[in-house]
Amino acid sequence: MTSLLRSLGITIILVSIFVVNTKAQTPPPTPNDDQINAVARELYCPVCENIPLDVCGTQACEQWRGLIREKLMQGWSKEQIKQYFVDQYGDRVLATPPAKGFNWLIYIIPPLVILLGTYFLYRAFVTWKKIEKPAENDARSYPNQDEYVSRLEEELKNR
Amino acid sequence: MLANLGYGVLVITLLISLYGIAAAIQGARRKNTSWLDSARNAMLLTGPLVTLAVICLVVLLVNGNYEVEYVASYTSNSMPLYLKITALWGGQAGSLVFWTWLLSIFASAVTLRDWQRDREFLPWVIVVVLVTLIFFLGLIIFIENPFARLWEIPGGMIVKSMFPPSIAVLYTQTDGNGLNPLLRHPGMVLHPPMLYLGFVSFVIPFAFAIAALITGRTDDRWIRITRRWAIIAWLFLSLGIVLGSRWAYDVMGWGGYWAWDPVEISALMPWLSGTAFLHSAIIQEKRGMLKQWNMVLVILTYDLVIFGTFLTRSGMLSSVHAFAQSAIGPLFFAFIAFTFIASITLLLHRWDELKTEERMTSLFSKEALFLVNNLLFMGILVICFWGVIFPLLSELFTGQKVMVGPPYYEKATAPLFAALLLLMGIAPLAAWGHSNYKALGKSIRLPAIFVLLILIYAVIRGVKNPWALLGFGLCAFVMAVIVYEFWRGIRARQKIKGESFFKALWQLTTRNRRRYGGYIIHLGVVLMALGIIGIEMFQSETQGTIAQGEQLNLRGYTLRYDGLSIFDTTDGRNISRAVVSVYKDGKFLQELYPRRDYYYENQQQVTIPGVRSTWEDDLYVILIDWEPVSAEGATFKIFHNPLINWLWVGSIVFILGALIAAWPERDQSTVRNRVAKQNYSASEV
Amino acid sequence: MVTPSTEKPEQKKSKPNRSFWWRILVWLMLVAFLIILGLGLFRTQQGVMAIGDELPDVTLTTFDGQEIRFNDLEGKIVVVNFWASWCKPCEQEAAELEAAWQYYEPSGNVVFLGVAYADTESEARAYLEKFNISYPNGLDLGTRISNAFRIGGVPETFVFDRNHVLQFVQIGPFQSLSQIKSVIDTYLKP
């Protein structure tokens with residue numbers, strides 16, 4: 001797998017690679033497209049909303065990917081790069097809002113509502129059962145198979 | 001002049017609908033049959049009338065009458081006939097007409113049903129349907145008019161107007177701008193119509209629900225009428241969503257089928273509440289329970305349809321699917337406020353009359369499990385709703401734009417979907433009314449053995465991810481239960497009636513379409529789940545720039561870049577098409593042709609992947625970039641999507657099952673009579 | 001099968017109170033939902049900053065490391081241009097904007113500010129170099145500035161008068177130097 005950097009075709013990046021490579025004593029290997037995509041996948045550029053950076057085809061996104069390549073070559077980690085993008089372009093570049101401040105609401109509300117729903121359902125079951133108790137006269141222990149057959153038969157008759 | 005005709009017909013339809021509402025209310029208040037018949041005729045007329053308007057628009061589109069702004073914006077000379085027709089729903093104004101058309105057809109169809117036994121519903125069904133129709137007609141006539149023409153006024157300015165401004169001449173372009181290339185895909189020909197059909201047809205159940213609330217006839221009658229409409233609506237909606245994801249897979253070049261885009265979610269939300277309704281409606285029919293809840297679900301579904309349409313069309317969401325910003329927002333908002341307030345007022349007004357008589361008997365009864373099912377669907381709905389609405393909230397309260405993307409939805413909904421799968425396996429085993437741990441445990445034994453076998457097989461095949469194993473296990477469980485259910489039914493019929501295997505299968509399914517159709521739907525869901533687990537958990541990808549003759553490797557596949565050709569087509573595209581050979585373990589399999597089409601007329605490009613599909617996996621190759629001069633080097637992105645085709649197979653099974661469930665019963669009349677008798681006796685009490 | 005419900009007495013006792021609060025809750029939720037939706041819609045419909053709005057108090061960090069607080073530019077006409085290096089139409093007006101800046105700079109009455117939207121630093125610098133742009137430019141850190149101006153895309157140019165009231169908005173590129181001059185001259189007169 002060769003990565004000749006032809007894909008991006010941006011001379012500036014080539015220049016910057018050169019600069020970086022001459023500066024650093026032990027240059028980190030040139031990142032390949034997969035390493036760039038691994039970071040890009042978790043970022044979204046404001047130009048094409050809702051399309052992750054790794055599949056977005058606009059010029060802006062291409063430049064952003066170039067930026068990721070630059071940062072990777074400087075030895076930055078994925079988290080560092082993501083943080084850099086957040087600082088530069090705001091929280092909106094992340095796939096999900098960072099869990100802080102007002103954003104907590106997005107993570108808290110759905111589980112709360114679901115728990116509440118579960119509670120209501122449970123309570124409904126309990127009250128229903130209580131009301132039902134005295135009228136518990138159904139035979140409920142006949143063998144499963146026969147029950148099924150009789151039920152089926154009844155249903156067939158009804159149709 | 002066709003434009004004038006189309007516009008005029010729409011105005012007439014609006015007037016007739018207004019009259020229909022007035023006549024229906026009059027008829028209901030005076031208990032006057034002739035007013036009611038007149039209202040019914042008015043509604044009957046809307047279908048043919050809007051059809052006429054649609055024909056006008058289609059003829060304009062096909063003829064290329066570029067003096068009409070909509071035609072100039074969405075068609076061009078080079079487009080084939082079917083795409084010119086597709087342009088009907090390619091833009092905001094046209095798709096509103098299309099939507100209105102479907103609604104008017106449903107309106108006409110519903111007047112044609114036999115109203116003998118539920119005449120008191122009729123006026124209010126007419127009112128609800130016509131109010132919705134008038135709203136959409138109003139949007140078309142006053143705000144987004146597809147018949148508006150382009151005029152050149154003396155200063156050389158081009159203006160868009162339905163009626164000629166003073167001293168202006170018609171401005172006719174020689175060619176149009178053409179349809180957005182993303183929409184030029186066979187999937188796009190069917191996806192919007194199905195989705196809109198699904199949306200629109202939920203109006204009918206809603207209309208019956210509101211009619212029941214207004215008249216106070218809150219017995220089971222409305223739910224029995226509504227059931228079939230709801231299944232049909234749900235069938236179309238499901239079909240629309242599935243076709244949409246197939247379209248995304250084929251033309252978006254994401255390597256995926258579903259991006260949790262807000263617009264996708266706004267189509268999913270009514271589907272979720274609709275699905276919940278289909279399940280809980282069964283309980284109301286069988287046990288007379290959950291009346292309040294069913295009413296809530298039907299109303300919610302309709303409101304979500306309107307809400308989703310609003311989100312998509314008002315420009316509030318930016319997404320690949322969203323229409324351009326438009327002036328319809330405020331009017332739409334008013335309509336949403338009106339429908340929400342009106343339906344909630346009515347619902348609360350009748351709330352106490354919708355009390356349930358029968359009670360739940362056991363935690364493991366089918367009803368109880370259906371309720372849990374409803375809870376899960378509602379849970380997913382809440383997650384989706386909150387995810388869509390949260391960016392709005394955030395921008396309003398903190399001024400910060402945020403993105404709520406796939407990771408949020410995937411993590412939040414995955415456990416709920418898994419629970420739904422589990423439930424899908426348990427519910428058929430639990431008897432109606434009552435069941436206990438012992439009975440349940442006994443019937444689970446056989447499926448459990450099957451699950452174990454499948455899991456052992458999966459582990460041997462190298463699946464190590466515990467979540468994937470859980471998913472596969474659940475799928476196997478549901479599948480085993482469904483097969484077991486069919487087998488038990490067939491065995492029982494063979495025993496009782498002495499039928500042959502196939503006859504028994506046929507009779508079983510056709511005699512109880514809803515139950516066995518339902519099982520087939522579940523089977524489809526399980527197959528789809530297989531595909532989803534495959535792509536979500538085992539998708540891998542690689543990207544690289546290679547020169548001619550060089551190779552890329554992914555998951556045992558080797559891809560060799562053989563060449564690239566760039567050429568123009570007669571329909572105005574510039575195509576860059578790469579030829580790559582696919583090898584697996586050194587053996588040549590086939591050539592793939594990933595390409596990129598550049599559309600001159602709207603300067604957009606579409607990435608068409610080259611895909612090799614097998615039952616096991618898809619190899620999905622996208623041409624990202626290339627060296628135009630020498631065509632020597634090109635960048636490819638390759639996705640390996642295991643099991644993805646089971647998603648599509650599952651969808652087909654799913655739709656088949658839905659068709660079976662929705663198919664009209666043969667001996668309908670007898671069923672109806674029986675129901676009617678029950679209801680008469682009920683209302684006499 | 002269907003019979004009118006016979007309510008249990010013990011249910012009836014606590015009923016009116018509880019259901020009343022439920023109803024209030026339902027209505028409150030509906031109203032909140034509609035308000036949020038309405039406000040969101042209002043925001044969408046608003047579009048870019050309207051004529052007559054005040055200059056937002058934001059800070060631009062230029063590529064030279066200078067911090068320019070918009071409110072510190074008192075008494076001057078402020079021209080804020082949003083651009084991006086990936087934006088083709090922006091290139092059409094780049095030379096004209098620079099020429100206009102050269103024309104007004106000596107008077108000291110007009111400030112030009114360039115804001116690079118969703119841009120990367122190296123690309124943006126290369127763009128500035130290419131067009132020899134000398135007025136202060138900087139990246140839109142955290143997209144705060146573009147949020148404040150509610151821009152719909154690039155290029156967009158906002159012209160504020162000496163009292164920092166928005167007087168003119170150019171959506172898309174300026175067509176010519178004379179167009180820019182005629183706009184600015186209108187508000188330069190005392």
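I record at the outset that the model is predicted.

Helix α10 of chain B covers residues 262–287 and has 26 residues. I found 23 of the 26 residues of α10(B) to be buried, so the helix is largely enclosed by the rest of the structure.

I applied the check to helix α18 of chain B, residues 513–538. Its 26 residues should span 38 Å at 1.5 Å a residue, and the end C-alpha atoms lie 36 Å apart, in agreement. Since 21 of the 26 residues of α18(B) are buried, this helix is also largely enclosed by the rest of the structure.

**Entry: nonpolar cores**

I looked up the largest nonpolar core, which has 281 residues. B:Val125 and B:Val129 touch the most other members of this core. Helix α9 of chain B (residues 221–251) contributes the largest share, 20 residues. I noted a separate core of 20 residues, including B:Ile546, B:Leu552, B:Leu559 and B:Val580.

For B:Val129 I listed the contacts, leaving aside neighbours within four places in sequence. They are B:Met43, B:Ala107, B:Val110, B:Val203 and B:Ala207.

**Entry: a sheet in chain B**

I traced an open sheet of three strands in chain B, in the order β2-β1-β3 with antiparallel pairing. Strand β1 of chain B (residues 149–152) is joined to β2(B) by four bridges, and the two run antiparallel. Within β2(B), the residue opposite B:Glu152 is B:Ile158.

**Entry: chain C as a whole**

I counted five helices and seven strands in chain C. Read from the N terminus, the order is α-β-β-β-α-β-α-β-α-β-β-α. I compared the radius of gyration of chain C, 26 Å, with the 16 Å that the globule rule gives for 190 residues; the value is well over the rule, so the chain is more spread out than a compact globule. The C-alpha trace of chain C spans about 90 × 40 × 30 Å along its principal axes. Of the 190 residues in chain C, 33% are buried. Among contacts in chain C with a separation of 6 or more, 73% join residues 24 or more positions apart.

**Entry: strand β4 of chain C**

I found seven of the seven residues of β4(C), residues 110–116, to be buried, so the strand is largely enclosed by the rest of the structure. C:Val110, C:Phe112, C:Gly114 and C:Ala116 point one way, and C:Val111, C:Leu113 and C:Val115 the other. In a regular strand the side chains alternate between the two faces of the sheet. Strand β3 of chain C (residues 77–83) pairs with β4(C) in the parallel sense over seven bridges. C:Val78 stands opposite C:Val111 of β4(C).

**Entry: chain A against chain C**

Finally, I looked up the contacts between chains A and C: 16 residues of chain A touch twelve of chain C. On the chain A side, the elements giving two or more residues are α1 (11–23), α3 (59–73) and α4 (78–89). The largest share, six residues, comes from α3(A). By class, I recorded eight nonpolar, six polar and two charged residues on that side.

Conventions: Residues numbered from 1 in each chain as written. Chains lettered and ligands numbered in written order. Predicted model: local features only at pLDDT ≥ 70, side-chain atom pairs only at ≥ 80, totals over all residues. Contact = placed C-beta atoms within 7 Å. Nonpolar A, V, L, I, M, F, W, Y, C, P; charged D, E, K, R; others polar. Core = buried A, V, L, I, M, F, W, Y, C linked by C-beta atoms within 7 Å. Buried ≥ 20, exposed ≤ 12 C-beta atoms within 10 Å, placed from the backbone. Pairing = 2+ DSSP bridges. Expected span 1.5 Å × (residues − 1). Rg over C-alpha atoms; globule rule 2.2 N^0.38 Å.
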